[in-house]
Amino acid sequence: MAIEESKYIWKNGELVPWAEATTHVLTHSLHYGSGVFEGIRCYYNEETGKSYIFRLKDHMDRLVRSAKVAGIPLELTSEELCEAAVELVRANELPSCYLRPLTYYGYGNMGVNPAGCPVDTIIAAWPWGAYLGPEALEKGIKMGVSSWRQRSINAIPPSMKSSASYMNSILAKQEAISHGYDEAVMLNEAGKVCEGTGENLFIVRNGILSTPPLSDGLLEGVTRDTVINLAVDMDIPVIEESLTRSDLYVADEMFLTGTAAELTPVASLDERPIGGRGPITKQIQDRLFDVVAGKVEEYADWLTEI
């Protein structure tokens, strides 16, 4: 999906014109994937005319944690990053947008050891619609189980949302598309269900919502946590449990969650029909979209008004 340019990108404390936010081709992270990042959304409420960044502090807290796990000496605090994000959205005059914070080793030295390279941090923001397409939010997507396993929990920690982690996802995504699917399910090394290429995964069976536990090697998704909290508040039973491939085949409903994907139903897996947006999926999806638009007062703490 092509990027629609906005006016500015925030870089190392300054608003830089979009076309001037560049880096050298010998930047360390370009060669070794030595960066950590986030994906955040800002939503617009047409009824009130107000815009809200959803769970901004939680995302920036995770960026700081990712940098710590990666050993990147990030000097900015979560609070400073939040302030920068708000400044950027306002400067770009974007009622709704996707934000991409990235902290990475810049140009300085070459070699696996990043010592001596500066640490750069940017935040970009641009308009971005539904990641898997607007129709997918209603009709669902076609998925296939990938032959590529998710990276080992002791190889690249899933608690770190790193650039390097996503080479694994790229391989699985490309394979899925080549097979006629929209997205891939990735298993971990033990053969248990892990996640999508950029999303967490939930199934519904007999009225119970299930999702793999973090110990199975998946990213601690902010939207995943949101859905779990919403389900509990809606009196929908939810459990974290290891899932097998066949558990997905016999699910009554299945959906993906993530900042980019939001809450996307699954219509089929490996050519086996699942049905798309079932009643529980729709119930949670409707609630989620009301919450991010500031329509549910009890979740106001999750919103940063622009």
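The model is predicted: local features need pLDDT of at least 70, side-chain atom pairs count only at pLDDT 80 or more, and totals for chains, interfaces and linings use all residues. Residues are numbered from 1 along each chain as its sequence is written, and side-chain values use heavy atoms, leaving out hydrogens and water.

**Helix α3**
- Helices here are DSSP runs (H or I, at least four residues), numbered from the N terminus.
- Helix α3 covers residues 78-92, which is 15 residues.
- Buried residues (under 20% relative accessible area, 1.4 Å probe, protein chains only) in α3 include L81, C82, V86 and L88.
- E93 follows α3 and has a positive phi, near 55°.

**Helices α6 and α8**
- The axes of α6 (residues 222-233) and α8 (residues 279-292) come within 10 Å and cross at roughly 110°.
- Axes are lines fitted to C-alpha atoms over the stretch in contact, with angles from 0 to 180 degrees between N-to-C directions.
- That angle makes α6 roughly perpendicular to α8 (65 to 115 degrees).
- T223, T226, V227 and L230 in α6 meet I284, R287, L288 and V291 in α8.
- The residues of this contact divide into five nonpolar, two polar and one charged.

**Residue T226**
- T226 lies in α6 and is buried, with a relative accessible area of 0%.
- Beyond its neighbours within four places in sequence, T226 is in contact (heavy atoms within 4.5 Å) with F54, R55, L288 and W302.

Definitions and conventions. Helices (H or I, at least four residues) and strands (E, at least two) are DSSP runs, numbered from the N terminus. The expected span of a helix is 1.5 Å times one less than its number of residues. Buried means under 20% relative accessible area, exposed over 50%, partly exposed in between (1.4 Å probe, protein chains only). Angles under 35 degrees count as roughly parallel, over 145 as roughly antiparallel, 65 to 115 as roughly perpendicular and the rest as oblique. Ala, Val, Leu, Ile, Met, Phe, Trp, Tyr, Cys and Pro count as nonpolar, Asp, Glu, Lys and Arg as charged, and the others, Gly among them, as polar.
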